[in-house]
Amino acid sequence: MKKTIQIPLGSQHISLLEPIRFKFECENEKIIGVDADVGFVHRGVELACTRSFEFKQVGYVVARVCGLCAITHSLSYTLAVEKLLGYVANDRIKYLRMLMVELDRIHSHMLCLAHTAENAGFEALFMQIMGDRELIMDVQEAISGNRVQFDYISIGGVNRDLTPELVAMIHKNLGVLTSKIDALIGLFDNNWSLSLKYKGVGVLRLEDAYTYNALGPLARAAGLATDVRAETSDFPYEDIGYKMILESSGDIHARNFLRLREIVNSITMCQNIVNNLPVGEIQEKAKGKPNGEAVVRVEAPRGELFYLVRGSGQNMLDRVRIKTPTFSAIPAMIEVFKGAEYADAPAILASFDPCMSCTAK
Amino acid sequence: MKFFTPFRKKSPWVLHYNAGSCNGCDIEILASLAPKYDLERFGVINTGNPKQSDIFLVTGPVTYRSRERLVELYSQIPEPKVVVAVGSCTATGGVFRGMYNVEDGIDRYIPVDVYVPGCAASPQLIIDALVKGLEVLEAKSKEIEKPFKLFGAIETIHNKLSRLNMATKVEPHAKD
Ligand code: SF4
């Protein structure tokens, strides 16, 4: 008699926001084998960037790779092209770009926390976090004019400036959010039923994080010190109070907690940016056509985002290569699933913060 | 409370499917279900089950691999049903138009009742679209509920007796 049963999950499922399909091989309640299929939303952005769009437009096209970290996509592309053009942005532009990236990180982390709560069966917490998240969405809308796809960064600068009213609003909303995040930290730490669902569940060990190339919050929750913000010098992150945050246990609880603490750090950074904004132009001329090859790494909310741009002095680029952090997270995710209970699968999945649009491009 | 009377009639359940979107419109749909915009006050609940849903919210320009699932989900929703296409890329392909793996909009595959513009479509627009969708749903259910009466005669089609044309809708009396 066959000992195992196969349970499919996806590609359309109540607990999944995204089309991804898993085939779980289960022995009683334990998962012993996983098969993941991620290609449902492949659209072919990379090819279109070199065939149908000019290099000035591509920044807005790659933003549509992923709605959650749109700003990091356009930022990395813009940085790569600016490297090829030999242009270095002034401090005000750098600070404004950092501000948007950090705001984006806050809202993306909050969405992930909300999802983990929902998939652990805590619907009210989902609603609460989504409600608090609107504070950040309002700030983003006020700064850039759109809630999700900002199109804020262009080659040679940013598209809008901060006004004194905006600064006041940022301070007000971030202040309110700080107290809410503090309350959430207490809740995630002390709530007994949440700890049943999170503590010791879905553990990614440090060696596995090394072996399977985990990135971003995943790796940091397992104790692997990797953060592009600390490794590159494209942006003055030390000046605005960046701290590397590490957890050690590597379970869902650690990942949630790491995200919460990163949100606190990002709030501090945003406040520092707004307080110490240098003066200068927000849009400068970056002349010429990209010629040569450039590689850029940026820390997206989910980990290291890698861009390679190659041009040959023409309006059209030769190659745009995008490597997203969510794609690298899949081997680690499969490893974590093995040995877990089937009932925990949605919560584990949500704690990895998957984004299929990034993964499949 | 006159404003809410139209919405009391039906509490529509929503099925959401991502047919290759960038997730931008998906998180806006989530945001419109969350406390600030609160779609749930109209009785809207997000379900994962096509057999219980009334409104089909689709995002994304339909990728090559999602089309069969899209049509399958659509055909599993019981009548009457309303399809709402959220986002520019769902309506026309938007920024993805012409890419090699996308099909330029969902109306090539399933009939759409309400289009929502915007990249990303804002929650206000999504709420508007759902309210509009409710009207369409109301009209469609009225259409279905119209009584039938056997007026026609039994015919022979292809040498077989057929009762297909016997049933006709009861029309209101002509004003003559
Ligand atoms: S309309 Fe724009 S934001 Fe919405 S899914 Fe399509 S590309 Fe993304």
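**The interface of chains A and B and its ligand**

Let me begin with Lys36(B), which forms a salt bridge with Asp138(A), the closest N and O atoms being 2.9 Å apart, where a salt bridge is a side-chain nitrogen of Lys or Arg within 4 Å of a carboxyl oxygen of Asp or Glu. This is a predicted model, in which local features need pLDDT of at least 70 and side-chain atom pairs count only at pLDDT 80 or more, while totals for chains, interfaces and linings use all residues. Residues are numbered from 1 along each chain as its sequence is written, chains are lettered from A and ligands numbered from 1 in the order in which they are written, and side-chain values use heavy atoms, with hydrogens and water left out.

Between chain A and chain B the count is 2 salt bridges, and 41 residues of chain A are in contact (heavy atoms within 4.5 Å) with 37 residues of chain B. The buried area, that is, the accessible area (1.4 Å probe) that two parts lose on being put together, summed over both, is about 3,200 Å² here, with 61% given by carbon and sulfur atoms.

The ligand lies between chains A and B, and the residues that surround it, counted by a heavy atom within 4 Å, include Arg64(A) and Gln149(A) as well as Cys22(B), Cys25(B), Cys89(B) and Cys119(B).
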